[in-house]
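Trainee: Could we go through this one together, a piece at a time?

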Amino acid sequence: MADLSLYRNIGIFAHVDAGKTTTTERILKLTGKIHKTGEVHDGESTTDFMEQEAERGITIQSAATTCFWKDHRMNIIDTPGHVDFTVEVYRSLKVLDGGVGVFCGSGGVEPQSETNWRYANESEVARIIFVNKLDRMGADFYRVVDQVENVLAANPLVMTLPIGIEDDFVGVVDILSRQAFVWDDSGLPENFEIVDIPADMVDKVEEYREMLIETAVEQDDDVMMAYMDGEEPSMEDIKRCIREGTRKLDFFPTYCGSAFKNKGVQLILDAVIDYLPSPTEVDPQPLTDEEGEPTGETALVSTEEPFRALAFKIMDDRFGALTFIRVYSGVLNKGDTILNSFTGKTERIGRMVEMHADERTELSTAQAGDIIAIVGMKNVQTGHTLCDPKHACTLEPMVFPEPVISIAVKPKDKGSTEKMGVAIGKMVAEDPSFVVETDEDSGETILRGMGELHLDIKVDILKRTYAVELEVGQPQVAYRETITTPIDDSYTHKKQSGGSGQFGKIDYRIKPGEQGAGFTFKSSVVGGNVPKEFFPAIEKGFKGMMDEGPLAGFPVLDVDIELYDGGFHAVDSSAVAFEIAAKGAFRQSMPKAGPQLLEPIMKVDVFTPDDHVGDVIGDLNRRRGMIEGQEAGATGVRIKANVPLSEMFGYIGHLRTMTSGRGQFSMEFAHYAPCPANVAEGVIADAKEKKENG
């Protein structure tokens, strides 16, 4: 059995263009996994193997690869940075033990870095920080460290300092060992020499070294007492303390360099081994019951335990369906039969492979701590638990964000209809944030996703990978409805038609609920006017109507219903009668309760050069945006605003025109808010027209 202390499961994540994929490429080159480095800007990187990734120079899918450094095995996942693909980051973090957060030396902590950092905090993943691109104009290591403290509210533990900056960036000083690593201009990672610290940096290095040791020794009382008595701890003790603090998320070891110029990457690899946890050192995954409630048990990472694994990604490639799994405990051999605890079905393991981007190596066995792919599994979806049939269990599942934007598509010809069905089935299995529905009225296929780019890419994949030609409609916004006025009302359902009739009378109060509370139902009936056994039927009746609001048929949010009285008939009352009464009550009362249309508001983060700030803010105001704040950086200004999604279609093209191609933006769903009357009227009229023509 392999020694689990020599395993590191890590992810590399950051904002778009901070250099994650380039960093991954350099790591693979240094560890001897690839011999020629591919560049993202040439569309030739190893982990960006989709056509769409190579063309756009962005990462869309998280890619998995395995390499070795100093006898340690690293499973690395390179995740996307673009906000439309955060689901890829989220699901990757779920199965990793550690991560490398990459920040751009000139851009600093950018919008998407905040989102990814928040996800990593929620998943409690230990991280080291790599401040990249220090050879770029406007790069400033110390400013980025400040931003990590102030914007992310994290505690960076500075481990290296840059020698020179921008064009003069030549290397880094390792603070702990007091050694300077200087690279030559050949661009080869191995061409460096260890020299004395430059004279003008000696004082600064000592100052940072003292801060580093003071922070580290807080992890061990004995070492701290000795240090306070004037005794410098041994290198072994300092490293042990840093490892402990990193594991507990008390601080994040922070490194600097330039991945593109191959400077500083070795120190990152050493740090992954020295400070990031092995699979056995992280808190074990909690197990849950069928309802998703914690049972108090955990999946101990050990080869002695029963087999337990989480499927975190499904991918369809030219060899068939691949299910990526993270093995938490036990051992899996080729030919074993395993249970999918979600479906209750068992499957036999045919082929297991270790992935290197889109190439693969066959395996005959895998064990706790491994990240592998299984070929040809059926009915397994992202988040399903795979386990030993004799020891059924469920690992804590994944939660995915709701899609906020949709487009209607239909195939251009009859032959594409069947092809589209098959292709979409595979794509939905791969990406849980991509939802497909059929509009019963119009017969159109509705694709829902996280943003325009997300859906663009999906249509592109359908076209190229599956050769399905589509007619694509205008993007649609996922509106919602709610109510604004409390109302007391009564409804009686009775039906006599020979034989037994139906009777159910309910007196109820409908009022606006707390924002985000969804649907709540309670009963305060006293005296048995409505017997208790009918309460679930009444709740079911109301809840079943929440999918279609009174204004334009959009789902209803945040409604609080209280049943306070009613009446029943000893013979004619039944659960069905009361359920029908509740449905009738909903139809009767909702239009009277001040119904209101809600629209999705997006948290928009725009970066613009200084000379276009006025134009950008003016444009956001015209889009009904509320400016929340702006921060000046070295190379431009970041503007944060809340803007309705309906006003943001086609924004990227507009922003590039305004800023001569230098502006960038990201957006993610923030909350639902009331729609202004003039906008609501248009939406309601459109919905009615669609229904009539449907």
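Mentor: What follows is a walk through a predicted model, taking sheets, helices and a few single residues in turn.

Trainee: Fine, let's start with the sheet that holds S25. In what order do its strands come?

Mentor: The order is S26-S27-S25-S28, an open sheet of four strands with antiparallel pairing. At its edges are strand S26 (435–438) and strand S28 (470–477), each of which pairs on one side only. From one strand to the next, the twist averages 25 degrees.

Trainee: And how many bridges hold S25 to S27?

Mentor: Strand S25 (residues 405–411) pairs with strand S27 (residues 445–449) over five bridges, in the antiparallel sense. Ser406, for example, has Arg448 in S27 as its bridge partner. S25 is also joined to S28 by six bridges, and those two strands run antiparallel.

Trainee: What stands opposite Ile405 in S27, and what in S28?

Mentor: In S27 the residue opposite Ile405 is Gly449, while in S28 Val477 stands opposite Ile405.

Trainee: Why is S25 described as largely enclosed?

Mentor: Of its seven residues, five are buried, so S25 is largely enclosed by the rest of the structure. A helix also covers this sheet: H10 (residues 414–430) lies across S25, S26, S27 and S28, and runs at about 150 degrees to S25.

Trainee: I got curious about Lys458. Where is it found, and is it buried or exposed?

Mentor: Lys458 is found in helix H11 (residues 452–464). With a relative accessible area of 10%, Lys458 is buried, because the cut-off for that class is under 20%.

Trainee: Which residues does Lys458 touch, leaving out its sequence neighbours?

Mentor: Once residues up to four places away in sequence are set aside, Lys458 touches Met427, Asp431 and Phe434. Lys458 can also be compared with Ile424, which is 34 residues apart from it in sequence, with the two C-alpha atoms 9.1 Å apart in space.

Trainee: Switching to the other sheet, the one with S30. How are its strands arranged?

Mentor: That is again an open sheet of four strands, in the order S30-S31-S33-S32, but here the pairing is mixed. Strand S30 (487–495) and S32 are the edge strands, each pairing on one side only. Direction ignored, neighbouring strands of this sheet are turned by 25 degrees against each other on average.

Trainee: In what sense do S32 and S33 pair?

Mentor: They pair in the parallel sense, over five bridges, and one of the residues involved is Lys522, whose bridge partner in S33 is Glu562. H12 packs on the sheet and touches S31, S32 and S33, its direction making about 155 degrees with that of S32. H13 packs on the sheet too, touching S30, S31 and S33, and its direction makes about 40 degrees with that of S31.

Trainee: Which residues of H12 are buried?

Mentor: In helix H12 (residues 535–544) the buried residues are Phe535, Ala537, Ile538, Gly541 and Phe542. Viewed down the axis of H12, these buried residues fall within an arc of 165 degrees, so they line one face of the helix. On the other side of H12, Pro536, Lys540 and Lys543 are exposed.

Trainee: And what covers the buried residues of H12?

Mentor: The cover includes strand S31 (502–512), strand S32 (519–523), strand S33 (559–567) and helix H13 (575–589).

Trainee: Next, H8 and H9. At what angle do they pack?

Mentor: Helix H8 (residues 235–247) and helix H9 (residues 265–275) pack at an angle of about 80 degrees, their axes being 9 Å apart. H8 and H9 are therefore roughly perpendicular to each other.

Trainee: Which residues meet there?

Mentor: Lys239, Ile242, Arg243 and Thr246 in H8 meet Ile273, Asp274 and Tyr275 in H9. By class, the residues of this contact divide into three nonpolar, one polar and three charged.

Trainee: Last topic, backbone angles. Where is Asp71 found, and what is its phi near?

Mentor: Asp71 is found in the loop between strand S2 (63–69) and strand S3 (72–78). The phi of Asp71 is near 70 degrees, a positive value in a residue other than glycine. Most residues other than glycine have a negative phi. Asp71 is exposed, with a relative accessible area of 70%.

Trainee: And Ala153, what is its phi near?

Mentor: Phi of Ala153 is near 55 degrees, also a positive value in a residue other than glycine. Ala153 lies in the loop between helix H5 (141–150) and strand S6 (156–158), and at 68% relative accessibility Ala153 counts as exposed.

Key:
Residues are numbered from 1 along each chain as its sequence is written. This is a predicted model: local features need pLDDT of at least 70, side-chain atom pairs count only at pLDDT 80 or more; totals for chains, interfaces and linings use all residues. Side-chain values use heavy atoms; hydrogens and water are left out. Two strands pair if DSSP finds at least two bridges between them. Axes are lines fitted to C-alpha atoms, for helices over the stretch in contact, and angles run from 0 to 180 degrees between N-to-C directions. Contact means heavy atoms within 4.5 Å. Angles under 35 degrees count as roughly parallel, over 145 as roughly antiparallel, 65 to 115 as roughly perpendicular and the rest as oblique. Ala, Val, Leu, Ile, Met, Phe, Trp, Tyr, Cys and Pro count as nonpolar, Asp, Glu, Lys and Arg as charged, and the others, Gly among them, as polar. Buried means under 20% relative accessible area, exposed over 50%, partly exposed in between (1.4 Å probe, protein chains only). The arc is that of the directions from the helix axis to the C-beta atoms.
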